Amino acid sequence: MTAFSGRTALVTGAASGIGAACVEWLAKQGVARLLLVDLDGDKLDALDPGCECLRFAGDVADPKLWQRIGAASAGLDLAVLNAGVADSGTLVDFDFAQWRKVLSANLDGMALSLGCAMRGMRENGGAIVLTASVSGLKAEPGTAAYGASKAGVIQLAKVAAKEGAPLGIRVNAIAPGGVDTPIWDQVPMFRDFVQEQGGREAAISAMGKLATPLGRYARSDEIAAQIGFLLSDAAATITGTVLVSDGGYSL
Ligand code: NAD
């Protein structure tokens, strides 16, 4: 038995990277029921967490998806709201369609997910972690859309923490720096760097060495365990915070 035994947890962006690592972490802790959300229905179907599992394929920015999930989320205890996309592009070459795509998935989607999770917890309380990014705290060229969306996620976590406190709901954000997941493959600057370094693994390793005092990027299972801490009773007095996990990049 663990403190997570018998609990119901919602994970968005569950099919890959940090979300999939959270599914594995929560299943290992003995959660009874998982509500898993992702755009990629095939990858979602391939997950086998070994507990009761409801899968919802769809876009977190689609209000109709949350209507479908609404009834299943009654009595929710835990939520990892994590679905997101990455992109890069400078403001002088501003591409409004790209801006909308990033803001839609990362911020509209987060607000809708958060509303559903909080409604599911309002009777008995619970704990929620939002995956933000250190890009929401530290400015870098080319990160306008992504950085603005993640700064918005951090503020959403803080407002939700204040609204949730009287209902016994804790809400925190995690702000990872680089994590070795498939999200990097969407970023044009990273694809160029892979060419330069002669491969993906070499590029991730070189970026970790260049960008962080600790000399490396994180693994998704490390971030999942940190999210797990924020969900756990060990974090019972922590709400509205941003846990920066970036190997010292933002120092
Ligand atoms: P990933 O690409 O491996 O996983 C993201 C998952 O989210 C994918 O399965 C994708 O299908 C899903 N998704 C994307 N848009 C969606 C949408 N609109 N609706 C439903 N599902 C959607 O990437 P990851 O690195 O595991 O990313 C998880 C979160 O971590 C993201 O919010 C990302 O911004 C954040 N993050 C990642 C890093 C990193 O370096 N990998 C750093 C900081 C923050």
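This is a predicted model: local features need pLDDT of at least 70, side-chain atom pairs count only at pLDDT 80 or more; totals for chains, interfaces and linings use all residues.
Residues are numbered from 1 along each chain as its sequence is written, and side-chain values use heavy atoms, with hydrogens and water left out.

## Aromatic pairs

A pair of aromatic rings is described by the distance of the centres and the angle of the planes. Here, rings of Phe, Tyr and Trp (its six-membered ring) pair if their centres lie within 6.5 Å; planes under 30 degrees apart count as stacked, over 60 as edge-to-face and the rest as tilted. Across the whole structure, 5 aromatic pairs are found. One of them joins Phe4 and Trp25 in an edge-to-face arrangement, with 5.3 Å from centre to centre and 90 degrees between the planes. This pair links distant parts of the chain, since the two residues are 21 residues apart: Phe4 belongs to the segment before strand S1 (8-12), and Trp25 to helix H1 (residues 17-28). Helices (H or I, at least four residues) and strands (E, at least two) are DSSP runs, numbered from the N terminus. Phe4 and Trp25 are both buried; buried means under 20% relative accessible area, exposed over 50%, and partly exposed in between (1.4 Å probe, protein chains only).

The pair of Phe94 and Phe96 is tilted, because the ring centres are 6.4 Å apart and the planes stand at 40 degrees. Phe94 has 41% relative accessibility and therefore counts as partly exposed, whereas Phe96, at 53%, counts as exposed. Ring pairs also bring in Trp99, so that Phe94, Phe96 and Trp99 form a cluster.

## Charged side chains

Side chains of opposite charge can pair when their charged atoms come close. A salt bridge is a side-chain nitrogen of Lys or Arg within 4 Å of a carboxyl oxygen of Asp or Glu, and the whole structure contains 9 salt bridges. The table lists some of them.

| Salt bridge | N to O distance |
|---|---|
| Glu24 and Lys28 | 3.6 Å |
| Lys138 and Glu140 | 4.0 Å |
| Arg219 and Glu222 | 3.5 Å |

Glu24 and Lys28 both lie in helix H1, where they are 4 residues apart, about one turn of the helix. Glu24 is partly exposed at a relative accessible area of 49%, while Lys28 is exposed at 67%.

In the bridge between Lys138 and Glu140, Lys138 is partly exposed at 29% relative accessibility, and Glu140 is partly exposed with a relative accessible area of 33%. Lys138 also lies over the face of Tyr249, 5.4 Å from the ring centre. A charge sits over a ring if NZ of Lys or CZ of Arg is within 6 Å of the ring centre and within 35 degrees of the ring normal.

Arg219 and Glu222 form a further salt bridge. Arg219 is partly exposed, with a relative accessible area of 44%, and Glu222 counts as buried at 18% relative accessibility. Salt bridges that share partners join Arg216, Arg219, Asp221 and Glu222 into one network.

## Surroundings of the ligand

The ligand is surrounded by 29 residues, of which the closest are Ser16, Ile18, Asp38, Tyr146 and Thr181. A residue is near a molecule or strand if one of its heavy atoms lies within 4 Å of it. A polar contact is a pair of N or O atoms within 3.5 Å; within protein, one must be able to donate a hydrogen and the other to accept it, and residues adjacent in sequence count only if both atoms are side-chain atoms. An N or O atom in the side chain of Tyr146 lies 2.6 Å from an oxygen atom of the ligand. The backbone takes part at Val60, where a polar atom is 2.9 Å from a nitrogen atom of the ligand. At Gly17, a backbone N or O atom lies 3.5 Å from an oxygen atom of the ligand.

## Two loop residues

Thr239 is placed in the loop between helix H8 (220-231) and strand S7 (242-245), and Thr239 is partly exposed, with a relative accessible area of 35%. Contact means heavy atoms within 4.5 Å. Not counting residues up to four places away in sequence, Thr239 touches Ala161, Ile169, Arg170, Val171 and Asn172. A polar atom of the Thr239 side chain is 3.0 Å from the backbone nitrogen of Val171.

Ser73 lies in the loop between helix H3 (63-70) and strand S4 (78-81). Ser73 is buried, with a relative accessible area of 2%.
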